[in-house]
Each structure stands twice: as structure tokens, then as C-alpha cells.
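Please look over the sequence and the coordinates before reading the notes below.

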Amino acid sequence: MEHVKSNTDALTDIKNTDAYVEEVAIARITDEELFNLSAESLRWKSWTGFRIFLIMVVQGCCMAGYGIDWTVIGGINNFATWHKFFNFKDTGSTIATFNALMTIGSVCAAPFLSLGDVIGRRGVIFTGNFIVLASAFIQAFSTGIPMFMAGRFFLGFGSALMSQPQYIGEVAPTHLRGRLVGLYGACFQFGSVFMSAGLIGLGTMTSDWSWKIPLLLEGFFPAIVCGTIYFISPESPRYLVLKGRRAEAAMVIARYHTTEGNNPDHPLVKAVVQQMEDSVAGATNTEVWDWRGFFKKGARSRVGVLIIYSIFQSWNGGGIIGQYLGPACETVGITSTTAKNGFSFGSTLTYLIFTIVGSFIIDKMWRRHLIFIGIGCIILIQTAITILSWQYTLHESKSTAILTIFFFFVFQACSATFIATMHNIYPVEILSLSLRAKGMGLYSLIQSAAGTVQQYGIAVGFEKIGYKLWVVYIIYNTIQLGLSYFCFPETSALSLEEIDSVFETPGVKPVKMSLDIKKAQKEHDRLEAEVALHGTPVV
């Protein structure tokens, strides 16, 4: 393992030098030994594999609960009993406020995500799930709009704390990180499918329990998490290293990254712990409310990318189908509650299936390519939906309505495959360990703030301009596609700690640095293949 150690030392030298060292940096960080060692050290069909599976079940419940939270309002918004009880319409300021309050709660909770560096990642996850569980009862038994609004706010607050993709990114073995984070994200859609299916049946009820039951079910998965997390999910080894608990971190890595499961002296354990310690070394913003580290030279680039990515993720138009599918269907003449709930179920199921597909391709494609393909597909699909919706206003053709709904499903498939999987892994990858807890809090804060604006915009937009709202997103996504090329560095096939050099190498922009590294990796692989085939590289 001498090579791994020298590689880490080289990265430290790169970060500290004032010279232009792009070529040196590229030469030193193209090795994939740690990734390969991780793959060699773990056999999936083992007790370690089973323990990872149990972690995924518990943490998947967090995302499933989050998926239910975001599906409920869109579903019960089709129920006349709910509108009668609170006396409001399915579009306009009241439903916009209900939706926005959840994102406002998430905004308020975002700074508290940094508590993950104080009480541990598990402590934050447990707290969030407990708050969501309580909020479910507040909403279900609300006696008026103010009480319901309070429940929505606390639901958003808790949801922001309980969804922690960084935890999976920190616990998962290096070679499985992309796939496990992708599957973790897919659990959001599992919760949505679970709720969408129930809403179809509940839509036939005529009592207030038709909307109370879905709200109570928001607490189902959080209750499971609260009862099992401390027994099944280990604490993040990166948190343990941050707190100086090296021996505990080594045991967690040994137990969940190696087939043996009990050897803290395993070469992989030593290499991973050393990388974590090197990443933490020199960190100065260790206090929970100390955000000065975000304004340092290397961190500013990370924060800039994080902010842009947060906004892009929130404003691509997915919210129309996710939470306003009912009003969207009405723009092409579909008004039946059963039909709208059926389309919602099918749309969510499609998203679930293709999110799983995305989790299996994320490590086979560059992150930048996924972003470009995803946004490009969204622009084309939204253009098709706009044209079809316009044609429906002229002719009210049944075939046009069906084709519009078809493109809703295609939108979900493309968004899930190329966009959704990136949602949970790219922000984790671009943040260094010392910035990660606070950085994910900032990510949640910006996404929630952007989401709040979008919730009002979509609700009021449909009421004012109908299908023409799609045109706004077409223009915006076109701008987003162009900016993505210049803003987002490549992070695939690099360890979380190695990405530090992309952002912190003096004298070179992160995007250029990342692309040069990928080019060097490709050349390195070519030379190795030629040596294996001919015994010497072909010049």
C-alpha cells in the first residue's frame, strides 16, 4: 500500500504549493488503486453485504418517507372532500402556500444540518424522522388552515433533516458508492409509488378519512427509522475521524467495507482512514456555526458550483409533473379524479423504475455527460408538450391529450435516469469532508428556497397562463444547458478526497482540471492495456 500513501502525500503537496502544478497534479492522481482495492476487498454475497443491505433498508425508509411527503399534497389536491373541509380551490395562492410551507420549513432546517458534525449523522437523521412523525398527526387532525400550515412547515423542517445522502456516500464502500447512493435516491420514488397507489383507492371514499389517511401515512416510514437506526446503521466513519475517534472509524470501515468484517489492520482500512485524516487535516471551520471555511480560496469554487447546481436541480420543470400533475392534466381536458390519480401513480412508478436504471449507469458515464443529456432531453420533451397543449386548445383532440400524457411519462423517465441519480451524489462529491455537513445544509437551503419560489410560480402560473408556463421552462433550461458546460467539473472515478485537488490546485480552473485528469486517466488506461498486450507501450 506504499503507492496509496505516496498518492495521498502528493495531493497534500499539490494543495500547499503556490506554483502552477497542473501537470504534476494530473500525473499523481490518476491511479485507481483504491477503487480496485475496495472491489477486491468485499464480496457482496457475505455477511458484510447483508449488513450493507440492512443499512440501505433503514436509510431507504428515510427517502421513502420523504417521497410520501412530497406526493401527498399533489394527490389529495384532487379530492373534493379536502377542498370542502378547508374551503379552497386546487390552484391559486392557498395550495401554493401549502406546498411552499414545506420548502420554507426545509429552508429553516438547512442550517441545522451542520449539527451532523456535533451529534453525528445518525442523530440528525433520527431527529428529522421524529419531527416528521409528529407533523403527520398535526396535519391529519388539523381543525383549520392555520394548524394545517403549521404541520406542513414542521413536515418540511423534519424532512430536510431526515434525508441524508451524504451518510450513504460516507458509509458506502468506494466501488459501490455511486450505485448505493443512486438506489438510496430511488427509494424516494418507492415512497411516492406507495402513496400514489393508495390515493387511487382512497379517492373513491367520500368521508374526510380519504385525505386524513394519506397524511397519517406520512409517519409510517419515519416510525420504522426511529425504531431501528441506532441498532442497524453505524455512525459515519468520516464523522468519527472528524472527532478524532480513529479506532472506531477503522472498525466501521472493516465491518462494512471488507468481507472479513473484523480486521482494522486490513490494507483497505488503513488506506481509507489515512485519506480521511488527510482530508480533515488543516480544517479550521470545525465549530457548528462557523461558516468561514466557505469563503476560503479552495472552498469558494466548491460553493459556487454547489449553489448553481442547487438552483438548476430545482428549476428544471419537474415540479409541474411532481406536484401539479392534476392541473397539468386539466390543460388537456383530463378532469376525472380517478384518472388524474391513475396518471400520478403511473408517472411515479415510471420515475422509480428509471431511477433504479440510473443508479446502475451512473458509474459508467461521466457526471457532466449525464447532466448534458438530461437537460437536453428535458428541453426537447417540454417543447413537445408545449406544442401538443397548444394544439389541444385549438382542436381538443383526444389523441393529442393522450400524446401529451405520454410525454409526461417520457419526461419522468429521462429526468429519473439522467438527473435524479446525480441529485444525491454530485453535491457530496464536490464537498470536502470538513465542509460536507454544512455544505449539504447549504445545498438543502438553496434547493428549498428555490423550491419555494417554484411552488408559487407553478400554482399561479397555471392559473394565469395555463400550458404556456412550459415555455418559461424551455427558455430557462436552454440557458441552464449552456452554463452547465462551463460550471460543472467532472467527478466520476475519483475518490471523494481526490476531488480536493480539482478545486484546490493553484492556477487552473476546476472544470479544466477535471477534464485534464479524465484525459490523463484515459491515456493511463491505454498505456496499461498496451503493456499487457505487447509488453511495452506503443509510441
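Among contacts in the chain between residues at least 6 apart in sequence, 81% join residues that lie at least 24 apart. The model is a predicted one, and its secondary structure comes to 25 helices and zero strands.

**Burial and surface**
- The chain has 539 residues, and 59% of them count as buried.

**Confidence**
- The average pLDDT of the chain is 80, and 86% of the residues reach a score of at least 70.
- Over residues 1-31, however, the pLDDT is below 50, although this stretch has 51 contacts in the model beyond near neighbours in sequence.
- Where pLDDT is low, the predicted coordinates should not be read in detail.

**Helices H20 and H21**
- Helix H20, covering residues 367-395, packs with helix H21, covering residues 398-430, at an angle of about 155°, and their axes are 9 Å apart.
- Angles over 145 degrees count as roughly antiparallel, and H20 and H21 are therefore roughly antiparallel to each other.
- The crossing that H20 and H21 make is left-handed.

**Helices H7 and H11**
- Helix H7 (residues 121-140) and helix H11 (residues 209-217) pack with their axes 8 Å apart, at an angle of about 170°, and are therefore roughly antiparallel to each other.
- On the H7 side, Ala-136, Phe-137, Gln-139 and Ala-140 meet Trp-211, Lys-212, Leu-215 and Leu-216 in H11.

Methods
Residues are numbered from 1 along each chain as its sequence is written. This is a predicted model: local features need pLDDT of at least 70, side-chain atom pairs count only at pLDDT 80 or more; totals for chains, interfaces and linings use all residues. Side-chain values use heavy atoms; hydrogens and water are left out. Helices (H or I, at least four residues) and strands (E, at least two) are DSSP runs, numbered from the N terminus. Buried means under 20% relative accessible area, exposed over 50%, partly exposed in between (1.4 Å probe, protein chains only). Contact means heavy atoms within 4.5 Å. pLDDT is the predictor's confidence in each residue, from 0 to 100. Axes are lines fitted to C-alpha atoms, for helices over the stretch in contact, and angles run from 0 to 180 degrees between N-to-C directions. Angles under 35 degrees count as roughly parallel, over 145 as roughly antiparallel, 65 to 115 as roughly perpendicular and the rest as oblique. A crossing is left-handed if the near helix is turned anticlockwise from the far one by less than a right angle, and right-handed if clockwise.
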